[in-house]
Amino acid sequence: MEQSLERDQAQHSYTSHDEEFTTALIAEIDHAGRTLRLLNRGHPAPYLIRSGRVIELLPAEPGLPLGMGDLISQPATTDTFPLAADDILLFVTDGVTEARDASGSFYDPTRLTLPDRRPATPAEVLDRLADAVYRWAGGRRDDDMATLAISLSKSDRPSRADASPSPRSPAHPSTPC
């Protein structure tokens, strides 16, 4: 990706490249759902939600955004995190982490309150996060906010018996999550 961005910048040499970089977060979950590997290139870190607690998954060595790779001589490193059955992974953009309250303080997703008597669902996490950011910022929004929550609970996954044909393509059965 770094090389592709460099080629694109070279092909468009007539434009200013002062601000041409891209943050990226690449996540890989093994087939068994037991390990998360992350490559973070300057993007807000994701969060692991386990037993109602929100934990930021910070990189051991922060990587520079794509397009700035020529500033360092070493390749970016990946981080590995263990996963448990009812974990939820929460991915956010800087519209969440840079939301400010009236005093100018940034919102911290680790402050998110979730039920502790039962595992939260991804939809519940996203709803509570959107509400918390809205309340934190006093209703005003200065930046877009993209969020993604992924559940690792096997109970959330349909079995093959539950799979039904997709409405768009009746000839192809839907793929279980």
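## Overall fold

The protein has 3 helices and 7 strands, where helices (H or I, at least four residues) and strands (E, at least two) are DSSP runs numbered from the N terminus. Along the sequence they follow the pattern α-β-β-β-β-β-β-α-α-β. This is a predicted model, in which local features need pLDDT of at least 70 and side-chain atom pairs count only at pLDDT 80 or more, while totals for chains, interfaces and linings use all residues. Residues are numbered from 1 along each chain as its sequence is written, and side-chain values use heavy atoms, with hydrogens and water left out.

Of the 177 residues, 31% count as buried; buried means under 20% relative accessible area, exposed over 50%, and partly exposed in between (1.4 Å probe, protein chains only). Taking a contact as heavy atoms within 4.5 Å, we find that 60% of the contacts between residues at least 6 apart in sequence join residues at least 24 apart.

## The sheet and its helix

Let's turn to the strands. An open sheet is formed by 4 strands in the order β4-β3-β6-β7, with antiparallel pairing; two strands pair if DSSP finds at least two bridges between them. β4 (53-56) and β7 (147-151) stand at the edges with a single partner strand each, so one side of each has no neighbour in the sheet. On average, neighbouring strands are turned by 20 degrees against each other, direction ignored.

Strand β6 (residues 88-92) is joined to β7 by 5 bridges, and Val 92 has Thr 147 as its bridge partner in β7. Helix α3 (residues 122-136) packs on this sheet, touching β3 (47-50), β6 and β7, and its direction makes about 150 degrees with that of β7. Here axes are lines fitted to C-alpha atoms, for helices over the stretch in contact, and angles run from 0 to 180 degrees between N-to-C directions.

## Nonpolar cores

A nonpolar core is a set of buried Ala, Val, Leu, Ile, Met, Phe, Trp, Tyr and Cys residues joined through side-chain atoms within 4.5 Å. The largest one holds 18 residues, and those touching the most other members include Ile 49, Leu 90, Val 125 and Leu 129. β3, β6 and α3 each give two or more residues to this core, with the largest share, 5 residues, coming from α3.

Leu 129 touches Leu 90, Val 92 and Thr 147, among others. Apart from this core lies another, of 9 residues, including Leu 48 and Phe 81.

## An edge residue

Glu 56 is found in strand β4 and is partly exposed, with a relative accessible area of 32%. Among the residues Glu 56 touches are Ala 45 and Thr 110.

Technical notes: Lists of a residue's contacts leave out its neighbours within four places in sequence.
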